[in-house]
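This report describes the overall build of a protein and then turns to one of its helices. Please keep the sequence and the structure in view while reading.

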Amino acid sequence: MSKTVSIIGSGFSALSASCYLAQAGFKVSVYEKNATVGGRARQLTKEGFTFDMGPSWYWMPDIFEKFFNDFGKKTSDFYELDKLSPAYKIFFSDDVITIGDQMNKICEEFDRIEPGSSKPLRKFIAKAQEHYNIAINKVVLKPGLSPFELVTKETVTRLDQFYKTISSQVRKNFKNPKLISTLEFPVLFLGAKPSKTPSFYSFMNFADFGLGTWHPKGGMYQIVIAMKSLAESLGVSIHTNSNVEKISVNNKKAQHIIVNGETIESDVVLSGADYHHSETLLDTKYRQYSEAYWESRTFAPSSLLFYVGFNKKLKNIEHHNLFFDTDFENHAEDIYDNPKWPKDPLFYVNFPSVTDKSMAPDDCETGFFLIPIAPGLEDTPELRAQYFDIIIKRFEKRTQQKIQDNILFKDSYCVNDFVEDYNSYKGNAYGMANTLMQTAFLRPKLKSKKVEGLYFTGQLTVPGPGVPPALISGKLVAELIKKNEH
Ligand SMILES: Cc1cc2nc3c(=O)[nH]c(=O)nc-3n(C[C@H](O)[C@H](O)[C@H](O)COP(=O)(O)OP(=O)(O)OC[C@H]3O[C@@H](n4cnc5c(N)ncnc54)[C@H](O)[C@@H]3O)c2cc1C
């Protein structure tokens, strides 16, 4: 008889693990507390507008492709991908940088800002590509069990890349503050300041400039639909509106979970919910990490988000727009060093309807505004309103247009919603950051050290935050379960 695996949550990592485990012959059931699957990648549809509520940048298309290839499929069997051209635009206080879809175009833009800078840029990206190949093919595919996993013939010759920071590397090669911000932007996806992120993570720069920015037609939720359909075709049973209330342990072995009051016996329990929350489902003596441990970790930011429907097409914008027209250091300090609401926040705006007509009604624009903030901040309607006012005015100024009278509706989302909807620790948006001390074997473990048959996956364990790492995390934990539990 096949062994049973109960999976808690239905984020990308849980869905990924469910597919690999079902393929290996386990009887897999997924229990998701919310009404829809996909975790933080839910979709909001309203008055003909479609919003991805969480991730919006489709980077590292090779990792998505590899995931579907593992099941004899291709991404194009499920959704249509567009390479965005330009990839994105960055608004500074005195200029706008446009990042093209090819290295040549990006080099031209760098030379416009700082003559001659395309030369060090090409070198920097060539090194970033080497890091990408090592990271994706060697390092990231390890389960984080021991420090020796990081030791490969490629990494031993680059040990300096683990203790030097991305910030110092960028500053060594570039002097212009706008180019520095442009090159530091990709590692923000890893959740920490560039000055705390190892230089090895420059592979994110290759993901950005080398591999490009893509968009699944219909939005990021198409990936969720694809993975759900793949999982179901492999025999996974998916239960929504199914809140897991407890993980019960007998004789140091995970025995069953309690879902909406009902006991579900399982040979193996895998949680893809926030790691911190997952451990609160256990009696205290079975938890591996104390509250003090979580408190001492660097978490990725939370976010204040606005989903806005506009009744006209907007000008001077692209699909992805970054507003780096205020001081990044001050904002980063308010996120990481001295958590408080930022005075002059940087922000990001996504208008998927610029390139994808299906995302908004005719002659309208779908706008997603995001301000990164420290996790755990006070979250009130007044603060949300105050910050919308700040960014919408800055947006109007930088893009030279009036838009406030064209808002049909706006919904907001912030710390309290992340906690309520996803049981997120302090309302973090994208997990635990990848700093030097929180990389690989130094992250919370995929397998419980205290309870047999209990595993974890997702953005708080290995490899870290982001959709591609979540796909990999699901694969890594499935491999461990196959090895230990078959
Ligand atoms: C605003 C935002 C923007 C982002 N932008 C990007 C981006 O552009 N590109 C990118 O690659 N990544 C981005 N990310 C990060 C990316 O979305 C996440 O890293 C990834 O989706 C996390 O997946 P996960 O599998 O770890 O879990 P999650 O998505 O957190 O899923 C966990 C699931 O567990 C469920 N759950 C929790 N508790 C229980 C319980 N007790 N019982 C049952 N179910 C439970 C939750 O409801 C949730 O569905 C962004 C994230 C956010 C929030």
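## Contacts and overall build

What percentage of the contacts in the protein with a separation of 6 or more is accounted for by residues 24 or more positions apart? Such residues account for 72% of these contacts, two residues being in contact if their C-beta atoms, placed from the backbone, lie within 7 Å.

This is a predicted model, in which local features need pLDDT of at least 70 and side-chain atom pairs count only at pLDDT 80 or more, while totals for chains, interfaces and linings use all residues. Residues are numbered from 1 along each chain as its sequence is written.

The protein holds 16 helices and 19 strands, which are DSSP runs numbered from the N terminus (helices H or I, at least four residues; strands E, at least two). Of its 486 residues, 51% are buried, meaning that 20 or more other C-beta atoms, placed from the backbone, lie within 10 Å of the residue's own.

## Helix α1

Helix α1 spans residues 12-23, and its twelve residues reach 17 Å from the first C-alpha to the last, close to the expected 16 Å, which is 1.5 Å times one less than the number of residues. Gly 25, which follows α1, has a positive phi near 100°.

Because eleven of the twelve residues of α1 are buried, the helix is largely enclosed by the rest of the structure. Among the buried residues are Phe 12, Leu 15, Cys 19, Tyr 20 and Leu 21, and their cover includes the strands β1 (4-8), β2 (27-31) and β13 (268-271) as well as the helices α2 (61-69), α10 (221-233) and α16 (467-485).
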